[in-house]
Amino acid sequence: MSDLAQARTFDEFMEGIWRQNPVFVMVLGMCPTLAVTVSAVNALSMGLATMFVLVCSCGLVSLMRRIVPKEVRIATYIVIIATFVTVVDYVIQAVSLAVYDALGAFIQLIVVNCIILGRAEAHASKHPPVTAMVNALGMSIGFVIGLFALGAVREVLGAGTLFGFSLFGANFQPWVVMVLPPGGFIVLGAWLLLFSALKRRKEARLAAQGGGHGA
Amino acid sequence: MAPESLGQIFLAAVLANNFVLAMFLGLCPFLGVSARLETAFPMGIATTFVMLVASLCAFGLNLLLTMFQLEFLRLISYIVVIASAVQLVEMFLKKTSPGLFRALGIYLPLITTNCAVLGVALFQTAREYSFAQAMVFSFGGGAGFTLALVLMASVRERLQLSSVPGVAQGTALSLMLAGLLSMAFMGFAGLGG
């Protein structure tokens, strides 16, 4: 593999993690993001399940991109995705019943996660399998990071624990609203605020530098 | 069979377990279409209709699949049924009100990937609702979705008239608002069981 090709593959990989992070930049796949992130463990297992489905279905969609007629492509993608989700659903049920109960119907609802259909339509249907899978892997790592950021904050504030270990002394008053539904909206809103504030600062600094050069 | 009465199921689906604000289902259209009231309301009605059709078909399909012991095909068959129902609504709207069809734009076909619709079908199966219960549940879910969408759109229309700090504009503000609305809906907890 030449240097150029290597650099391009790396770009594909990094795109989903930072510049087009599905949770913080594109705000896609909100339903599982907010519903399951009451604890860091839940967030991670949901992220991994989504990762498996995303990478496998993007690979398969990309392999079949020349065979599938344009008119029925969305239906085909959905059936492919639903197949992999059924696999994940049964695997999680077999591996850990506790996780299965905690995630509930949201494992099956991975089918309607807009990130997956979005990637299949926008990227995998136009690129060869390896590129598509690398891009999907980057996207899903970005998704896992987003889920973890939410889950960790909500667990620390709402229960005073991280991965089930107690962080503060016995005097800690848990901020219960954080593990209830409103907390999900508010924590994600706060993360977005933080990122938009950082972006503004960077833009202001760049503008100031540009102005300096001009003068 | 679940012992809840029909009224209980309806109230719980609309208020206490509101699909959007308490169960986090259907957030994409909730954040996407709630900027203006005149698109929010029709979107809610269209989604409610798809939910009813999907719930009806899912009930029949589930009986059929259980009869032939093909439960592992449940997810795939549900999603195909929902996709066809959405196609039906799309053609109907295109014919009867092209203006509305254009206003809803990409969000109309995206009802297919609205987790609230698939959620209704999956929950009614998981809770083993009878036919009447399933219908009331899906209608309540749709009404709750419409209610949340209309409330959110009304608040956001008012917000356009006020000056908001630049950092908070856009999605961050909508999410904070949704958090407050969700907190208000927590007051209904326990209602309808």
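**View 1. Helix 4 of chain B, end to end.** This helix covers residues 74–96 of chain B. At 1.5 Å a residue, its 23 residues should span 33 Å, and the end C-alpha atoms are 33 Å apart, so the two values agree. The expected span is 1.5 Å times one less than the number of residues. Helices are DSSP runs (H or I, at least four residues), numbered from the N terminus. The model is predicted: local features need pLDDT of at least 70, side-chain atom pairs need 80 or more, and totals for chains, interfaces and linings use all residues. Residues are numbered from 1 along each chain as its sequence is written, and chains are lettered from A in the order in which they are written.

**View 2. The buried residues of helix 4 of chain B.** Which residues of this helix are buried? They are B:Arg74, B:Leu75, B:Tyr78, B:Ile79, B:Ile82, B:Ala85 and B:Val86. Buried means that 20 or more other C-beta atoms, placed from the backbone, lie within 10 Å of the residue's own. These residues pack against helix 4 of chain A, and against helix 3 (37–67) and helix 6 (115–126) of chain B.

**View 3. Where chain A meets chain B.** Here 32 residues of chain A contact 32 residues of chain B. Contact means C-beta atoms, placed from the backbone, within 7 Å. Helix 2 (30–35), helix 4 (73–95), helix 6 (114–124) and helix 8 (181–214) of chain A each supply at least two residues of chain A's side. Helix 8 gives the most, with 12 residues.

Notes. Contact = placed C-beta atoms within 7 Å. Buried ≥ 20, exposed ≤ 12 C-beta atoms within 10 Å, placed from the backbone.
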